[in-house]
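Here's a quick briefing to read with the structure open beside you. It takes the helices in turn and then turns to a few backbone details.

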Amino acid sequence: MESPSLRFAEAVRSLGIEARRRGLAMPGFRSPPRLAGVHRSLRRRPDGGVVVAIVLRGRPWAAVLADMVEGVLAANRLEGARADTLRGALWASVGGDAVAAA
């Protein structure tokens, strides 16, 4: 089985390709969050960049992917119908259909 860190890096690459293809800004990702007791945090930097931090260990992979997809949407301040459309595209880019079936 592939390590969580390698799976995380691969998912970041896939999300980045799809996000940029769709004209979205790609946040930076890291693990774990600096805040205790949260699964995902988002930090907006003064230079306009965004960092999404996610807990990897001890969580189902589908939950980690969901936090990553939602992190991209939150970093781009997307809501409503546009967010729904892009959410589907981002999920597809990380093999969301296979995750849902597992």
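Start with a side-chain pairing: Glu 18 and Arg 22 make a polar contact of 2.7 Å through their side chains. Keep in mind that this is a predicted model.

- Glu 18 sits in helix H1, which covers residues 4-21.
- Is Glu 18 buried or exposed? Glu 18 counts as buried because its relative accessible area is 10%, and the cut-off for buried is under 20%.
- If you skip neighbours within four places in sequence, Glu 18 touches Ala 89, Leu 90 and Ser 93.

**Helix H1**
- H1 runs for 18 residues, and its first and last C-alpha atoms are 26 Å apart, close to the 26 Å expected at 1.5 Å a residue.
- Leu 6 and Ser 31 are 25 residues apart along the chain, and their C-alpha atoms are separated by 12 Å.
- Just past the end of H1, Gly 23 has a positive phi of about 80°.

**Helix H2 and its crossing with H1**
- H2 has 15 residues, which should span 21 Å at 1.5 Å a residue, and the 21 Å between its end C-alpha atoms agrees with that.
- The buried set in H2 includes Trp 61, Asp 67, Met 68 and Gly 71.
- The H1 and H2 axes come within 11 Å of each other and cross at roughly 35°, and the crossing is right-handed.
- On the H1 side of this meeting you'll find Pro 4, Arg 7, Phe 8, Ala 11, Val 12, Leu 15 and Ala 19, while H2 brings Trp 61, Val 64, Leu 65, Met 68, Val 69 and Val 72.

**H2 against H3**
- H2 and H3 have axes 10 Å apart and pack at an angle of about 135°.
- The two helices therefore count as oblique to each other.
- This crossing is right-handed.
- H2 residues at the meeting include Ala 62, Ala 66, Glu 70 and Leu 73, and H3 answers with Ala 83, Leu 86, Arg 87, Leu 90 and Trp 91.

- Most residues other than glycine have a negative phi, and most peptide bonds are trans.
- Arg 77, not a glycine, has a positive phi near 55°.
- Where is Arg 77? Arg 77 lies in the loop between H2 and H3.
- Arg 77 is exposed, with a relative accessible area of 62%.
- The Ser 31 to Pro 32 peptide bond is cis, with omega near -5°.
- Pro 32 belongs to the loop between S1 and strand S2 (40-44).

Definitions and conventions. Residues numbered from 1 in each chain as written. Predicted model: local features only at pLDDT ≥ 70, side-chain atom pairs only at ≥ 80, totals over all residues. Heavy atoms only, no water. Helix = DSSP H or I, 4+ residues; strand = E, 2+ residues; numbered from the N terminus. Buried < 20%, exposed > 50% of the residue type's maximum accessible area, 1.4 Å probe, protein only. Polar contact = N/O pair within 3.5 Å; in protein donor to acceptor, adjacent residues only side chain to side chain. Contact = heavy atoms within 4.5 Å. Expected span 1.5 Å × (residues − 1). Axes fitted to C-alpha atoms, helices over the stretch in contact; angles between N-to-C directions. Parallel < 35°, antiparallel > 145°, perpendicular 65-115°, else oblique. Left-handed = near helix turned anticlockwise from the far one by under 90°.
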